[in-house]
Amino acid sequence: MKRYENGMYLVQGRTLCENAQEAGQVLGREVDTGAAAAGTIAYGILKAHNIAPSMENLRIRFDKLTSHDITYVGIIQTARASGLEKFPIPYVLTNCHNSLCAVGGTINEDDHMFGLTSAKRYGGIYVPPHQAVIHQFAREMLAVCGDMILGSDSHTRYGALGTMAMGEGGPELVKQLLEKTYDIKMPEVVGIYLKGEIQKGVGPQDVALALIGETFGDGYVNNRVLEFVGPGVENLSADFRIGVDVMTTETTCLSSIWQTDEKIREFYEIHGRKEAYKELAPGEVAYYDRMIEIDLSEIKPMIAMPFHPSNAFTIEEVNANLPDILHQVEENAKVSLGEEVDYSLQGKIRDGKLMVDQGIVAGCAGGGFENLCAVADILKGRNIGCDEFSMSVYPASTPIYMDLARKGKLADIIGAGAIVKTAFCGPCFGAGDTPANGDLSIRHSTRNFPNREGSKLQQGQVASVALMDARSIAATAVNGGILTSAADLDVEYAGEHYFFDQSIYAGRVFDSHGKADPDVEVRFGPNIKDWPEMPPLAENLLIKVVSRIEDPVTTTDELIPSGETSSYRSNPLGLAEFALSRKDPAYVGEAKTVQKAQKALEAGEDPVKALPELEDVWKSITAQYGDLTWDKMGIGSTIFAIKPGDGSAREQAASCQKVLGGWANIAQEYATKRYRSNLINWGMLPLIVEKGDIPVEKGDYVFLPDVRAALAMEKLAFTGYIVRGKELIPLELTMGNMTDTEREILLKGCLINYYRG
């Protein structure tokens with residue numbers, strides 16, 4: 001894998017050139033860089049969906065929206081509070097996260113009935129539980145070459161099918177439901193130039209992990225669009241491309257797109273939608289802001305060790321350096337889990353080999369037809385044994401499940417001792433197949449963050465996940481749980497041809513065909529609650545640092561846990577009780593204590609009586625700002641984290657802080673655009689301090705004078721003050737670039753207030 005730090009030109013879809021002169025020599029004419037930049041596939045799709053007068057600051061309208069049962073209740077509730085009357089574009093509500101209905105009594109199925117009745121009332125599409133994971137349904141039924149889809153799940157990626165898709169927090173979908181736009185600066189485009197052919201035993205997760213390992217650490221592709229081009233693309237099947245594409249989220253890129261060809265045409269024909277295909281290719285000459293060249297023939301079976309997809313090694317490398325790599329994982333765990341946790345994998349070494357306890361192939365990344373056929377081919381005639389190792393597979397949709405059954409592939413899998421389950425995303429976020437305490441699970445799924453396997457650190461439980469391709473997971477299974485590369489097995493892959501039976505959906509999926517029925521009453525369960533009232537931004541702010549996180553990166557899982565807490569995402573206040581529970585258990589109580597002062601202000605009462613520690617803080621502030629009065633103040637909490645927001649698109653990572661009285665985050669940078677957008681949409685200032693020494697301590701109060709006026713005047717860099725004793729210590733802050741709409745949302749206090757007027 002080779003990275004080019006500067007811009008690169010691609011000529012006639014095959015030849016890489018490092019400058020315009022070289023490109024011109026290949027092409028036989030002079031090359032203009034500006035025109036070449038418009039030659040990318042990404043540029044053409046973005047231009048077709050941009051309603052702004054220029055391509056510098058985009059205002060995008062998407063063709064379709066997708067959500068699942070963790071996110072759609074909050075989105076629709078927000079849109080209802082903002083004036084929703086009907087869905088203006090196709091909106092698919094799938095049920096693949098809380099579909100087990102196993103936690104919290106009736107609340108999961110209550111959410112599903114909310115989704116079904118909302119689809120009827122507002123004119124949407126409802127996919128019942130166990131029919132399909134969100135992204136597989138979108139691939140099968142929604143993707144169209146040249147379209148754009150916005151989803152409230154971070155792995156919303158359909159670029160392999162010629163659809164530019166993005167995963168964002170729920171408020172961005174609300175904007176689309178209210179016929180507003182998705183506003184971003186024109187993103188840079190990074191070319192991913194593929195050449196060569198994949199070796200036998202190598203799967204899409206292997207390519208993806210190699211790419212993530214190469215790019216995540218230094219943000220090489222952060223918030224950029226990845227465009228897959230080059231002669232190697234045609235050597236990959238549609239399913240293989242999909243398997244690589246879905247994992248691009250873990251590079252922290254904004255979106256992805258691939259050139260299309262006859263294999264993608266065949267995909268659409270198989271799915272009965274041949275009209276959705278068109279050829280997409282870069283222009284005769286295309287300019288990319290950055291370029292990564294991947295020789296597919298050099299990719300080997302990979303493993304991402306705990307606790308991040310970028311912690312990637314070849315399986316061969318792990319087996320050759322096992323004690324050292326496990327020691328490194330254990331040292332990294334001290335950052336993620338804390339020093340008090342006794343986490344070790346050394347006991348997994350048996351006779352010099354790594355023994356794993358569980359194998360899972362599931363979800364949008366692993367549950368595709370081609371992956372599971374490969375698993376069946378490896379397992380056929382073998383057995384996973386009767387010891388500790390167990391294995392489960394989850395086909396990504398019922399049509400895939402059905403065709404695997406018709407072709408006898410399920411019999412091969414079940415006959416080997418593995419368990420076949422229905423379409424479900426649980427193993428990807430910690431709600432299914434939780435291993436025993438101390439165990440190591442290998443999974444072809446999307447993430448391996450701490451507790452993503454379902455263990456509960458706060459209750460003394462700790463297990464972990466390593467990511468691998470389905471082929472090597474199956475190879476490990478037939479080797480009794482000893483880590484094994486699929487490249488080491490002599491297996492004949494049958495290469496089955498997929499038959500998609502659309503009648504399965506026709507009989508079960510509710511499709512309004514865009515027709516709203518206002519006579520339908522939306523059905524509410526007792527756990528479905530409205531968002532609490534949120535005040536507008538005050539003239540001045542006083543915020544207390546109630547949590548300080550010094551990890552290099554903080555994930556959204558650490559800000560609001562996944563797993564069983566997902567059942568409470570329809571209840572803003574109920575869910576907020578879990579905020580930072582795995583990272584800083586004291587956070588909720590301390591945030592609530594500060595919030596009492598804000599509630600006192602709103603009631604016209606003395607905030608010092610609600611929070612006595614404010615008395616000395618107020619004296620220090622008014623010693624320099626003598627004309628300041630409490631009625632011109634807002635009081636709340638903030639967290640400091642070095643780089644928060646990696647991972648999921650879930651808006652609740654921000655909204656939970658907001659409903660607990662959060663007014664801001666303070667960070668050295670934000671890991672993803674979507675987390676920063678979530679902060680803004682929930683009325684929290686995305687404050688940035690310079691990298692270097694951490695300027696604030698837990699317990700500090702930070703005073704932000706005239707912050708409302710600064711924001712209104714587009715003064716996005718200003719001076720705040722840390723209040724320590726009688727001293728006000730200057731703190732230079734910035735909020736980065738913002739659109740006029742984003743500033744107005746912050747001034748109003750949140751997106752709901754903005755749309756209410």
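The model is predicted, so local features need pLDDT of at least 70 and side-chain atom pairs count only at pLDDT 80 or more, while totals for chains, interfaces and linings use all residues. Residues are numbered from 1 along each chain as its sequence is written, and side-chain values use heavy atoms, with hydrogens and water left out.

**Helix pair.** I looked up α4 (residues 72–81) and α7 (residues 170–177), which pack at about 45 degrees with axes 9 Å apart; helices here are DSSP runs of H or I, at least four residues, and strands are runs of E, at least two. The two helices are therefore oblique to each other. Ile75, Thr78 and Ala79 of α4 make the contact with Gly170, Leu173, Val174 and Leu177 of α7 (heavy atoms within 4.5 Å).

**Sheet.** Next I traced an open sheet of six strands, in the order β9-β8-β5-β6-β7-β25 with mixed pairing (strands pair if DSSP finds at least two bridges between them). Its edge strands are β9 (164–167) and β25 (510–511). Inside it, β6 (91–93) and β7 (125–126) pair in the parallel sense over two bridges, and Leu93 stands opposite Tyr126.

I found a cis peptide bond from Pro306 to Phe307, with omega near 10 degrees. Phe307 is in the loop between β16 (302–304) and β17 (312–314).

Thr252 has a positive phi of about 70 degrees, though not a glycine. Is Thr252 buried or exposed? Thr252 is buried, at 5% relative accessible area (buried means under 20%, exposed over 50%, partly exposed in between, with a 1.4 Å probe and protein chains only). His513, also not a glycine, has a positive phi of about 55 degrees, and His513 counts as exposed at 70%.

Methods:
Axes fitted to C-alpha atoms, helices over the stretch in contact; angles between N-to-C directions. Parallel < 35°, antiparallel > 145°, perpendicular 65-115°, else oblique.
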